[in-house]
Amino acid sequence: MSHEAVLHGHESHGHDDHGHHEHHDTFLTKYVFSQDHKMIAKQFLITGMVWAVLGGLMSVLFRLQLGYPDASFPWLESILGKWAKGGQITPEAYYALVTTHGTVLVFFVLTAGLSGTFANFLIPLQIGARDMASPFLNMLSYWFFFTASIVMLSSLFVETGPFSGGWTAYPPLSALHDASPGSKTGMDLWIIAMALFVVSSLLGGLNYIATILNMRTKGMSMTRLPLTIWALFFTAVLGVLSFPVLLSGMILLIFDRNFGTSFYLSDIYVNGVGALSNEGGSAILFQHLFWFLGHPEVYIILLPAMGMVSEIMSVNSRKPIFGYMAMLGSLFAIAILAFLVWAHHMFVTGLNPFLGSVFVLLTLLIAVPSAIKVFNWLTTLWRGNIRFTPGMLFAIGFVSLFISGGLTGIWLGNAALDIYLHDSYFVVAHFHIVMGVASMFGMFAGVYHWFPKMYGRYLNNSLGYIHFWITLAGAYMIFWPMHYQGLAGMPRRYFDFSIWESFKQFAELNRFISTVAMIVFAVQILFLINFFYSIFKGRKVTVLNPWESNTLEWTTPIRPGHGNWPGEIPEVHRWPYDYGKDGHDFIPQTTPVGADETETH
Amino acid sequence: MATELNTSVGKNKMHPYKMVLYAGLGSIVMMFAGLTSAYIVKKSQANWLDFELPKVFFIATVVILLSSFTIQMAVKKAKEGLQNPYRGFLSLTAILGVVFMILQVQGFMALQANNIALTGPRSNSAASFLFVITILHLLHVLGGVIALIGVSFKSFLAKNNTENTLPVELLSTYWHFVDILWIYLFVFLHWIG
């Protein structure tokens, strides 16, 4: 019945694919220099996917080395040339691969690819706006990201190789040209790419904040916003407040690299160079500036996934989200705490133990809002009428990974444990599960759920199920064993473990992990095929609201033009989570509150 | 296109561009908060050089304070629809901005004349910090000056330039911010540094 109401309300526009805001665009203004938020979102998504494939491929290459340290693969040499002399990846190339994998996945895929895509796509559609506050700045945001991508990509092809000092770019490896081959041109390009990236994410973030605060449709009060929007709002705030600090740190780094200052460099002795003429610099200072961004960054990655999972779970459980205000409050708490915990990355830098204990306390506090969110997701599922769409499965998978990875966060947040586990595979396992794979799952959930709105077609469900189950099982098979390796003291970032007696026991396990990693990577190719095939040949969407969802994006035409709604922007009368209320399966936000409607949700 | 799409904004709501600007100012604040925090951390460590700020920085401070007054007058005149005073105050602000920049550069030169290296192997990070922080502020002033020159040119070219006061309002907010930011930095560098 309510479903009919949705269709009925906008029946007159149902077939009007060309709203009056769609101008006679040329190919260049429609697909390249587009100012339509939906097109920009797709640009972010597809650029992010290209980087995900490249970053994933890098991990396959270094897993090959870790799994088969003694083997020689002649085909590697024909692809990588001198970086794989004799068919084995060189240590220098290994470090470059690890560094680029980290940088690209953290910033280009899970920041730009995730919030760039979904903030752009969902904010105007779900708050009821025609476009962003400044469509022009929004376009610039993408093109800064694109330029950053090109610069980062070009660093892979310079003679001395890309930067190889780890994605955190700690000095002195990042500050000294002579520290390693990757510290030369590769590092210059890395800094330029990152500076461009920061500009891109600032332009995006400013737009998201202004749009959410200023451009909501009539009736869309802040507490009627879907949780996706709240999550994207906090994400943007975190980005706008923390990326400039990284930029400050990098500017000081540029001065140390190129103008002989001594912010981070001191009179250390470097092999082959001799003692430096710098005096009194502190490498720890960079770590403080870096992690002041670095920790909020993990929530910049995680929050959009949390928001989308909340929305997708509620829709597919046919139940209101459990504890909307608690969800919102916990997002807020996480955003505040994000700025107060950075030094837990620095427990082994000689940090004052008293200061360390303060950071332990603040870090462990994050468990409270995180647990609130987990219990609210589980209670949203509880006795719901669950529809196991691929999007929903990825959302449930996200919660599973968030629990598994979050629990080890409580271990690592304790300085007493972290001092032992720091820089071991335990850390690798922790952050890959809780931040990397979990957010990836959030991104997949979002793509599966909103693909019909993006392209007017469905993704293939069977391929979606195969993609989900193999990725979920594979993710656990790759990262679960790493906890044991880390507890046994296996350090991260090492090129070859076969020379240590104590780690020889893991040779077979390493091979197992590498094999699974390759299988999981292959399954992502399956997803890509599904994605691109479905854009052109997928089953067509024929109803406005395929998931029977309450939010505003499903009141637009199946293929909305620039401006989103052909007529007036609809008015909002209720929150977005009226599922299973008063005998109605769902009541869209545009339906006025009835006279006999019950007060409670 | 942009203006057409923005028609849905209610009259009593703040213009979205203002919100973009305010959020942007927040991010600039964080940038300098990061730098000045790093300054405090570094100062407490060994090998810190204490030196007096050259007098020319005081003059620059007076100049930028004055320019805040002139741009406020420009906004006032624009709102009253007075063309020529508007043009005058706007151009005067741009000139004061340029003067401020010249004075800052003279400050650097005065430091180097006193044998305080700002960069290079003999530099102390106390001076390098001053240099980096001031240069970054200067770049923000430069952005404002370029915008001021642009809006001034427009005000001379257009017959009636006081109808849409949004650009000059945005510009004045930014300019006041850059002014207050400098006063913070100046107080910080002079008394804390």
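Lys79(B) is partly exposed because 13 other C-beta atoms lie within 10 Å of its own, where buried stands for 20 or more such atoms, exposed for 12 or fewer and partly exposed for the range in between, with C-beta atoms placed from the backbone. Lys79(B) belongs to helix α3 (residues 56-80) of chain B, and its C-alpha atom is separated by 6.8 Å from that of Thr162(B), 83 residues apart along the chain.

The model is a predicted one, in which local features need pLDDT of at least 70 and side-chain atom pairs pLDDT 80 or more, while totals for chains, interfaces and linings use all residues. Residues are numbered from 1 along each chain as its sequence is written, and chains are lettered from A and ligands numbered from 1 in the order in which they are written.

Between the chains, 44 residues of chain A are in contact with 34 residues of chain B, contact being C-beta atoms, placed from the backbone, within 7 Å. The elements of chain A that give two or more residues to this side are tabulated here.

| Element | Residues |
|---|---|
| α6(A) | 135-154 |
| α7(A) | 185-214 |
| α8(A) | 227-258 |
| α9(A) | 283-317 |

Among these, α8(A) gives the most, with ten residues. In α7(A), 24 of the 30 residues are buried.

Notes
Contact = placed C-beta atoms within 7 Å. Helix = DSSP H or I, 4+ residues; strand = E, 2+ residues; numbered from the N terminus.
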